[in-house]
Amino acid sequence: MNVKEQINLLRSLEELDLILRDMVSPAYKKIGFKSTKPTLEFMKTIEKERNAIAKKIEPRLLREYDIIMQRYGGRVVVQVINGFCGGCYSRLPSEYATRSANNIMNCPHCGRFLYWLSRT
Ligand SMILES: [Zn+2]
């Protein structure tokens, strides 16, 4: 399994899910997107794209994704900021960063998927 690829696919999936949600959210329309009503064609494109991405994600991770999305309603894949989980703000065990090179890491407190920005 390519860890980096799987994390990127999960992030992409989350973004598409949020787009699909925003499209029908009255709150989103209120902030000035009234005029850009999504066309049915665009919505279909997003759904197609979502399915294509979901197929490339390992079933086990996809199941975890769904559980986390249901629980928190977003921010399923979060950035680690200076050793802290970007989802629940708890400090992560220091060996997590090293282990993340070869493993998909979940926050031990909130369960969200974690990613580290490379510093190169
Ligand atoms: Zn967390």
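## Close-up views of a predicted model

View 1. Buried here means 20 or more other C-beta atoms within 10 Å of the residue's own, exposed means 12 or fewer, and partly exposed lies in between, with C-beta atoms placed from the backbone. This is a predicted model, in which local features need pLDDT of at least 70, side-chain atom pairs count only at pLDDT 80 or more, and totals for chains, interfaces and linings use all residues. Residue numbers start from 1 along each chain as its sequence is written. Helices (H or I, at least four residues) and strands (E, at least two) are DSSP runs, numbered from the N terminus. The buried residues of helix 1 are Leu9, Leu10, Leu13 and Glu14. They sit on the same side of helix 1, because they cover an arc of only 140° around the axis; the arc is taken over the directions from the helix axis to the C-beta atoms. Which elements do the buried residues of helix 1 pack against? Their partners are helix 3, helix 4, strand 1 and strand 3.

**View 2. Helix lengths compared with expectation.** The expected span is 1.5 Å times one less than the number of residues. Helix 4 agrees too: its 14 residues should span 20 Å, and its end C-alpha atoms are 20 Å apart. Just after helix 4 comes Gly73, with a positive phi of about 70°. Helix 3 (residues 40–56) reaches 25 Å from first C-alpha to last, close to the 24 Å expected for its 17 residues. Helix 3 is hardly covered, with a count of 0 buried residues among those 17.

**View 3. The largest nonpolar core.** This core holds 15 residues, and those with the most contacts inside it are Leu10, Tyr65, Val76, Val77, Phe113 and Leu114. At least two core residues come from each of helix 1 (3–23), helix 4 (59–72), strand 1 (77–81) and strand 3 (113–115). A nonpolar core is a set of buried Ala, Val, Leu, Ile, Met, Phe, Trp, Tyr and Cys residues joined through C-beta atoms within 7 Å. Leaving aside neighbours within four places in sequence, Tyr65 is in contact (C-beta atoms, placed from the backbone, within 7 Å) with Leu10, Leu13 and Val76.

View 4. Two strands count as paired if DSSP finds at least two bridges between them. Strand 1 and strand 3 run parallel and are joined by 3 bridges; here Val77 has Phe113 of strand 3 as its bridge partner. Strand 1 and strand 2 run antiparallel, with 2 bridges, and Val80 stands opposite Cys85 of strand 2.

View 5. Asn82 is found in the loop between strand 1 and strand 2, a hairpin with 2 residues between the strands. Although Asn82 is not a glycine, its phi is positive, at about 50°. Is Asn82 buried or exposed? Asn82 is exposed, because 6 other C-beta atoms lie within 10 Å. Tyr89, placed in the loop between strand 2 and helix 5 (96–99), also has a positive phi, near 70°, and is likewise a residue other than glycine. Tyr89 counts as exposed, with 12 other C-beta atoms within 10 Å.

**View 6. Zooming back out.** The protein has 5 helices and 3 strands, arranged along the sequence as α-α-α-α-β-β-α-β. Its C-alpha trace spans about 50 × 30 × 30 Å along the principal axes. Of its 120 residues, 15% count as buried. Among contacts between residues at least 6 apart in sequence, 60% join residues at least 24 apart.

Note on methods
Contact = placed C-beta atoms within 7 Å.
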